[in-house]
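Dear colleague,

I am passing on a model that I would like you to look over when you have time. The coordinates come first, and my notes on what was found follow below.

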Amino acid sequence: MASKKVHILEDSEVPSAVCSFIAELSRNAVQEKGKFCIGVSGGSAAKIFCNGLSTIGDLQWDKWHIYFCDERVVDFDHADSTYKFYKENLLGKVSLPESQLYAIDPSLPLEDVAKDYAKKIDAIQKGESGLPVFDLLILGMGPDGHTCSLFPGHKLLDETSLTVAPIRDSPKPPPCRVTLTFPVINVAKSALFVSMGASKAEMLARVLEGNECEPLPAARVQLTNGLVHWFLDKAAATQLKAKY
């Protein structure tokens, strides 16, 4: 069974394709169970999400529950806060209740930030594994192949007991963060990456087509019962050899 689907598009087509995909998943989830539980990330995908989805008129935002795939443990007014970006760029545009954009509590000690956030995602409906099952995770891939705050060679790649883990030695600043771990990531119903630009081409070839002894974090996103969708522009796909 295929574990991924790669969409290669003109760069101008990527945002609308991503937003249409997310919108359709949300409609299906709301129709099926009355809510849509999604994990979001920062970076370019966050801009596409906030700018594009706010223009789609039929979305039932009051049924959306938005969590963070990872978050920097900083105050909400700090430029590095992903929550700050979504609050400023989404909440004013759509009818999502602010209480359904689930923030960390940065006032707590780092380990307690993770424990507190794990309790929040524990409200999501569980699957057979006993873990919360997101309808969709929107993930990013860094230039080193990291995703969420799961970095190459880091011990958190092998974390199995926590759904949300603290990290205080992130190689990318700020150092203190919390992140979803692979057990909960890989039971999601669907996941997507957005990767654009020629600078991503070499790393994408390693993640999508490499056969490395120690797979890069982004390559470890292998859903048990779902597809990982990669939305790429043609520049990012130049080093891929397979036909998609």
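**Strands around E7**

Strand E6 (residues 164-167) and E7 run antiparallel and are joined by 4 bridges, where helices (H or I, at least four residues) and strands (E, at least two) are DSSP runs numbered from the N terminus. Please bear in mind that this is a predicted model, in which local features need pLDDT of at least 70 and side-chain atom pairs count only at pLDDT 80 or more, while totals for chains, interfaces and linings use all residues. Residues are numbered from 1 along each chain as its sequence is written, and side-chain values use heavy atoms, with hydrogens and water left out.

E7 also pairs with E4, in the antiparallel sense and over 3 bridges; two strands are said to pair if DSSP finds at least two bridges between them. Arg177 in E7 is the bridge partner of Arg72, and Ile167 also stands opposite Arg177. In a regular strand the side chains alternate between the two faces of the sheet. In strand E7 (residues 177-180), Arg177 and Thr179 point one way and Val178 and Leu180 the other way, and all are buried, meaning under 20% relative accessible area, with exposed over 50% and partly exposed in between (1.4 Å probe, protein chains only).

The loop between E6 and E7 contains Pro174, and a cis peptide bond, with omega about -5 degrees, joins Pro173 and Pro174.

Helix H2 is mostly covered, since 7 of its 10 residues are buried, namely Ala45, Ala46, Ile48, Phe49, Cys50, Gly52 and Leu53. These buried residues pack against helix H1 (14-33), strand E2 (36-40), strand E3 (64-68), H3, strand E5 (136-139) and strand E8 (190-195).

The largest pocket holds about 480 Å³ of space. On a 1 Å grid over the protein atoms alone, a pocket is an open set of points where a 1.4 Å probe fits, with protein on both sides within 12 Å along at least five of seven lines, and lining residues have an atom within 4 Å of a point; grid points are joined across faces, edges and corners, and the volume is the space filled by probe spheres set on the points. Of the 26 lining residues, Gly42, Gly43, Ser44, Arg72 and Lys172 are the closest to the centre of the pocket. Helix H2 (44-53), strand E4 (70-72) and helix H3 (82-89) are the elements that give two or more residues to this lining, and H2 gives the most, with 4 residues.

Helix H3 is also the place of Lys84, which is partly exposed at a relative accessible area of 22%. Leaving aside neighbours within four places in sequence, Lys84 is in contact (heavy atoms within 4.5 Å) with Phe76, Asp77, His78 and Ala79.

**Cysteines**

With a disulfide taken as a pair of cysteine sulfur atoms within 2.5 Å, the count comes to 0 disulfides. For Cys50, the nearest cysteine sulfur is that of Cys19, 9.4 Å away, and Cys50 is buried, with a relative accessible area of 0%. For Cys176, the nearest is that of Cys148, 17 Å away, and Cys176 counts as partly exposed at 25% relative accessibility. Cys148 itself is found in the loop between E5 and E6, counts as buried at 7% relative accessibility, and has a positive phi of about 50 degrees although it is not a glycine.

With best wishes
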